[in-house]
Amino acid sequence: FGQAASAAEPPDPDHFTAQGIVLMDAKTGEILYQKNETQPFYPARITKIMTAILALESERLEEEAVVSKQARYVDGNRIYLGEGEKKPLLDLVYGMMLNSGNDAAVAIAEHLGGSVERFAAMMNEKALQLGARQTHFVNPHGLPDEEHVTTPLDMAHIARYALQNDLFREIVSTKTMPWQGEEWQSTLINTNEMLWRYEGMTGIKTGYTRAAGQTYVGSAQKGETELIVVLLKAESRPRLWMEAAALLDYGFDRFETVKVLQKGQLIRHKKDGQDDIFQVEEDVYLTLEK
């Protein structure tokens, strides 16, 4: 991997155990590397990126959600919420994204959607709005279901949208956080080890089930350039970190994001003898090869 990155040549897809890969420029949406980018995979816990988006956009973060029996006894990773326990929605988002608590995800879904099923419908509606047309969610946490699928490209689009939210960025870049619950007092430790391993890492989320394999969506920034890497169905957690780092190294070595138009800048455009002036509504970036 080191030789491929230093030479700034595209890595050989066969070198990766991840069966689905996308490397994207977060500012422009440009795809810098891909492997089976539109093939469906089980996402596992990276599903929670969408759950977090809906929670953060709900404008209900200070409301207290009541933990149901279904949330209390959900399978998989938990932050050990007690049945009947009340927690602010924002605290649940932290517990879900750092410690990957499935109980927190169900509590969020039930509070915002009334049920897991109705919340999943909200997730699918949002996915379509973001252009993630090959994604279908049936739950807020990512436990296996034959109909719960996504693609590397869809997850990259979802992550790119999520990174536009400053509070989302703050949450997924948090390494540790004290946790005071009725049944569990501890420190939440972010499962995204790349926050400690890779310079410039800014987020986002890991995942694993036996059916999905190792899954990961990560973001890292160097200067003006921010990259998103998606890996689905990787062989092991060590390989996941190695392959994510190799892809990010390749992206940063070979490409850069350049601002070409400034917000508020006036642009003169002449066509068919008519001279028009337009004002740029937002900064415009291009992804360029170095």
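Which residues make a nonpolar surface patch of about 280 Å²? Keep that in mind while you set up the view, since this is a predicted model in which local features need pLDDT of at least 70 and side-chain atom pairs count only at pLDDT 80 or more, while totals for chains, interfaces and linings use all residues. Residues are numbered from 1 along each chain as its sequence is written, and side-chain values use heavy atoms, with hydrogens and water left out.

Begin by colouring the chain by pLDDT, the predictor's confidence in each residue, from 0 to 100; the average is 95, and 97% of the residues score at least 70. Then select residues 1-7, where the pLDDT is below 50, although this stretch has twelve contacts in the model beyond near neighbours in sequence (contact means heavy atoms within 4.5 Å). Where pLDDT is low, the predicted coordinates should not be read in detail.

Next, select Leu54 in helix α2, residues 48-56 (helices, H or I of at least four residues, and strands, E of at least two, are DSSP runs numbered from the N terminus). Leu54 counts as buried because its relative accessibility is 12% (buried means under 20% relative accessible area, exposed over 50%, partly exposed in between, with a 1.4 Å probe and protein chains only). Apart from neighbours within four places in sequence, Leu54 touches Leu112, Phe119, Met122, Met123 and Lys126, and the C-alpha atoms of Leu54 and Leu112 are 8.6 Å apart.

Finally, select Val260, Val284, Leu286 and Leu288, which make the nonpolar patch. Strand β13, residues 284-289, gives the largest share, three residues, whereas Val260 sits in strand β10, residues 255-261, and is partly exposed at 39%.

Terms used. Patch = residues over 30% accessible without salt bridge, like charges linked within 9 Å, V, L, I, M, F, W, Y side chains within 5 Å. Areas by Shrake-Rupley, 256 points an atom, 1.4 Å probe, with all protein chains shown as cover. Salt bridge = Lys/Arg side-chain N within 4 Å of Asp/Glu carboxyl O.
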